[in-house]
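Let's take a friendly walk through this structure, with the sequence and the coordinates side by side. We will start with a pair of charged side chains and work our way to the pockets.

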Amino acid sequence: MHTVNTVSGPLAVDQLGVTLMHEHVCMASAGMFLDSRVQLDHAARLALAVARLQAAKASGIDTVVDATPIDLHRDAAFIKEAAEGADIQIVCSTGLYTEEHGQPSHFKHMSAQQVSDLFVHELTDGIGATGIRAGVIKVATSEHGVTDVERKTLEAAADAQARTGVPIITHTSAGFGVEQAKILTGAGATPGKVMIGHVDHKYSSWGYFERILRTGVNIAFDRCGLQVFLPDTVRAALIAALIDLGLHDRVFVSMDSVCVQTGPVSEFEKDAPEPLTYVAGDFAAILARYGVSAATLQSMLTANPARLFGAA
Ligand SMILES: [Zn+2]
């Protein structure tokens, strides 16, 4: 029996249910909390997170994977409080973000082995004194290519996966999914347990998807609703075409929403739909117009995550 670490403890993989693979309960830009003027209203933030997670549950979502890496202020204790307040399952991440927008020098200067040891510690022993174990590894590459620090971080993620068996999910910003897949699998990651994220960050050629999929990894249309990057009709048409080719089991759907943003809300987030409920609601309706049935979407949201966390 495979299990997955949720913030509330281990869960049998077959109990994941309908799962959004890339969301954020809370997030902040790297280093924001070094600014002494930043003060947070914990009660208000928690109430907002709980309300949005309750709405997700009411829309049929059983599990949310929080893709926030360490350096974007992943707050495992807050995530656990929110999960238990809303009575929903949440898996939190270990992992590090891009060199440009994330990693402080403490992490940048670690060897691949030291980074892998850090990830494994958070996946097996837990995160600080919280007693919470991460359940997934999140890594990222920059908009203009893969830097040396990011390559090392990807290699560390592959090593940590080999030691723990957990999935690796990624952030891409304008391509480089092929490079990520090759670095990860070249360093020993199991292709079926890798999900290359944000392939829908902007319009990408069909060849981009083919080249990533040919490495054996999975791809995620995980910015559904962020139409500033790509119209949802285009996302839906691309997902439908991949399903027509029999690739429904390699494609993940999520929305990269943030329940509680810390600091200024970015331009694209201003126009974002309500967090967590859009995939099962309006986006499901758009998919249906392109011939993707509710049953197919349900299976992609249930069987695919179970496979990624399971034997894959
Ligand atoms: Zn994200």
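Arginine 37 and aspartate 35 join their side chains in a salt bridge, with 2.7 Å from N to O. The term salt bridge here asks for a side-chain nitrogen of Lys or Arg within 4 Å of a carboxyl oxygen of Asp or Glu. Arginine 37 is exposed at 68% relative accessible area, while aspartate 35 is partly exposed at 27%. For these words, buried is under 20% relative accessible area, exposed is over 50% and partly exposed lies in between, using a 1.4 Å probe and protein chains only.

A word on the source: this is a predicted model, in which local features need pLDDT of at least 70 and side-chain atom pairs count only at pLDDT 80 or more, whereas totals for chains, interfaces and linings use all residues. Residues are numbered from 1 along each chain as its sequence is written, and side-chain values use heavy atoms, leaving out hydrogens and water.

**Salt bridges**

The whole structure holds ten salt bridges. Here are three of them.

| Pair | N to O distance |
|---|---|
| Arginine 37 and aspartate 35 | 2.7 Å |
| Arginine 52 and glutamate 274 | 3.1 Å |
| Aspartate 256 and arginine 223 | 2.8 Å |

Arginine 52 and glutamate 274 form a salt bridge. Arginine 52 sits in helix H1 (residues 42-58) and glutamate 274 in the loop between helices H9 (267-270) and H10 (279-289), so this pair ties together parts that are 222 residues apart in sequence. Helices (H or I, at least four residues) and strands (E, at least two) are DSSP runs numbered from the N terminus. Glutamate 274 is partly exposed, at 44% relative accessible area.

Aspartate 256 and arginine 223 also pair up in a salt bridge. Aspartate 256 belongs to the loop between strands E11 (251-253) and E12 (258-261), and arginine 223 to the loop between strand E10 (218-221) and helix H8 (232-244), so they tie together parts that are 33 residues apart in sequence. Both aspartate 256 and arginine 223 are buried. Elsewhere, salt bridges link Asp117, Asp159 and Arg163 in a network.

**Histidine 198**

Which residues does histidine 198 touch? Leaving aside residues up to four places away in sequence, its contacts (heavy atoms within 4.5 Å) are His22, His171, Thr172, Ala220, Asp222, Arg223 and Asp256. Histidine 198 lies in the loop between strand E9 (194-196) and helix H7 (206-213), and is buried at 2% relative accessibility.

**Two pockets**

A pocket is an open set of points on a 1 Å grid over the protein atoms alone, where a 1.4 Å probe fits and protein lies on both sides within 12 Å along at least five of seven lines; lining residues have an atom within 4 Å of a point. The largest pocket holds about 660 Å³ of space. Its lining has 33 residues, with Met27, Leu72, Tyr97, Arg223 and Phe268 nearest the centre. Strand E3 (19-27), E12 and H9 each supply at least two lining residues, and E3 gives the most, three.

The second largest pocket has about 230 Å³ of space. Of its 17 lining residues, Arg52, Val258, Glu269, Ala272 and Pro275 are the closest to its centre. H1, E12 and H9 each give two or more residues to this lining, and E12 has the largest share, with three.

How values were computed:
Grid points are joined across faces, edges and corners, and a volume is the space filled by probe spheres set on the points.
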